[in-house]
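User: I'm new to reading protein models, and I'd like a close look at one single part of this one. Could you walk me through a strand and the partners beside it?

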Amino acid sequence: MDPSLNVLGGPLAACSRAPVTGFFRDGHCNTCAEDIGSHTVCAVMTAEFLAFSKYLGNDLSTPRPDHAFPGLRPGDRWCLCADRFLQAHDEGCAPAVQLSSTHARALEVVPLDLLRRYAAPGG
């Protein structure tokens with residue numbers, strides 16, 4: 001596992017434990033070399049983003065009991081792939097970002113100034 005640091009240089013805060021998120025399903029946007037998608041951006045879901053993700057083939061809103069996945073709702077926090085966040089920004093539907101919970105490795109894909117533009121209150 002990569003060191004648990006956020007984009008601001010501090011310790012990586014939890015993103016969500018309900019529903020549990022993260023590449024390691026540890027509630028944090030921790031990552032490692034095997035995390036090809038770089039699930040590093042802690043995003044606050046919106047109806048618009050969830051519809052966008054579903055349109056692109058990644059339905060995050062429908063429960064999947066076979067995978068113990070409850071489905072996401074607006075307001076839930078989730079570790080997004082950095083590329084998907086950037087794509088949502090390009091399409092005008094990027095969700096807010098919890099900076100203290102976004103892994104430093106996200107900066108390999110998304111510039112810090114862009115993440116700051118989407119910073120969620122308090123985070």
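Analyst: Let's start with Ala-43, which stands opposite Val-97 in strand 3. Strands here are DSSP runs of E with at least two residues, numbered from the N terminus. This is a predicted model, where local features need pLDDT of at least 70, side-chain atom pairs count only at pLDDT 80 or more, and totals for chains, interfaces and linings use all residues. Residues are numbered from 1 along each chain as its sequence is written, and side-chain values use heavy atoms, with hydrogens and water left out.

Strand 3 covers residues 96-97, and strand 1 pairs with strand 3 in the antiparallel sense over 2 bridges. Two strands count as paired if DSSP finds at least two bridges between them. Strand 1 also pairs with strand 2 (residues 77-81), again antiparallel, over 5 bridges. There, Val-41 has Leu-80 as its bridge partner in strand 2.

Buried means under 20% relative accessible area, exposed over 50%, and partly exposed in between, using a 1.4 Å probe on protein chains only.

Now step back to the segment before strand 1, where you'll find Thr-21. Thr-21 is buried too, because its relative accessible area is 0%. Leaving aside neighbours within four places in sequence, Thr-21 is in contact with several residues, including Asp-26, His-28, Trp-78 and Cys-79. Contact here means heavy atoms within 4.5 Å.

Methods:
Helix = DSSP H or I, 4+ residues; strand = E, 2+ residues; numbered from the N terminus.
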